[in-house]
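Please read them with the structure open beside you.

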Amino acid sequence: MDPLFLTLKSIHIMGVISWMAGLLYLFRLYVNHALETEPVVMERFVGMERRLWKAITVPAAWISGLTGAGMILMEPCHFLAQGWLSVKLLLVGGLLFSHFLAGHYRKKFLTPPMGRSHVFFRVWNEVPTLLMILIVLLVEFQPAWWVWADCAQ
């Protein structure tokens, strides 16, 4: 297999792991932040959330997206013809929604009151996990539900 493709794939996997870690930890911080009442501790959460968002979560999302797109562009006919990839990209859209929702609430925490309970964030903490499980299963098993086009023509 092409070394450039394998390099992109390796960086993609590392980016996804970092992105998922950032999302999961960020929503977990939100759970604790929503329960907190001490201003000093709330300010500490704001700093932790900002650093996690800017230093890990956002860069990792970019790395995941760019390397994923790079792999598809290297072999577009091979990948885009496979139905499982369409479903995977739809689920990645769900991850992106979770990502932007996390960014939205990070800004909301800057000016209390938050308006959302810790239960809301506990539920959203599980969404990226469920999406990740489905994505990993699709990538590993690559079910042949359908094929969009035959590129050998």
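1. Among the contacts in the chain with a separation of 6 or more, what percentage is accounted for by residues 24 or more positions apart? The share is 81%, and, as with every value in this note, that figure was computed from a predicted model.

2. On the overall architecture, the chain holds five helices and zero strands, so that its elements, read from the N terminus on, follow the order α-α-α-α-α. The C-alpha atoms occupy a box of roughly 65 × 30 × 20 Å when this is taken along the principal axes.

3. On burial and surface, 36% of the 153 residues of the chain count as buried. The accessible surface of the chain amounts to about 9200 Å², and carbon and sulfur atoms supply 70% of that area.

4. The largest nonpolar core has 32 residues, and the members that touch the most other members are Phe27, Tyr30, Leu95, Ala102 and Phe121. Two or more residues of this core are given by each of helix H1 (3-35), helix H2 (39-74), H4 and H5, with H1 providing the largest share, 10 residues.

5. When residues up to four places away in sequence are not counted, tyrosine 30 touches Ala102 and Phe121, and its other partners are Glu49, Tyr105, Arg106 and Phe109.

6. Lysine 88, which lies in helix H4 (residues 83-108), is the residue I would ask you to inspect with some care. Lysine 88 is buried and yet has no salt bridge, and the nearest side chain of opposite charge, that of glutamate 140, is 11 Å away.

7. Phenylalanine 141 belongs to helix H5, which covers residues 118-141. Is phenylalanine 141 buried or exposed? Phenylalanine 141 counts as exposed because its relative accessibility is 63%, and the cut-off for that class is over 50%.

Methods. Residues numbered from 1 in each chain as written. Predicted model: local features only at pLDDT ≥ 70, side-chain atom pairs only at ≥ 80, totals over all residues. Heavy atoms only, no water. Helix = DSSP H or I, 4+ residues; strand = E, 2+ residues; numbered from the N terminus. Buried < 20%, exposed > 50% of the residue type's maximum accessible area, 1.4 Å probe, protein only. Lys, Arg positive; Asp, Glu negative; His and termini not counted. Salt bridge = Lys/Arg side-chain N within 4 Å of Asp/Glu carboxyl O. Core = buried A, V, L, I, M, F, W, Y, C linked by side-chain atoms within 4.5 Å. Contact = heavy atoms within 4.5 Å. Areas by Shrake-Rupley, 256 points an atom, 1.4 Å probe, with all protein chains shown as cover.
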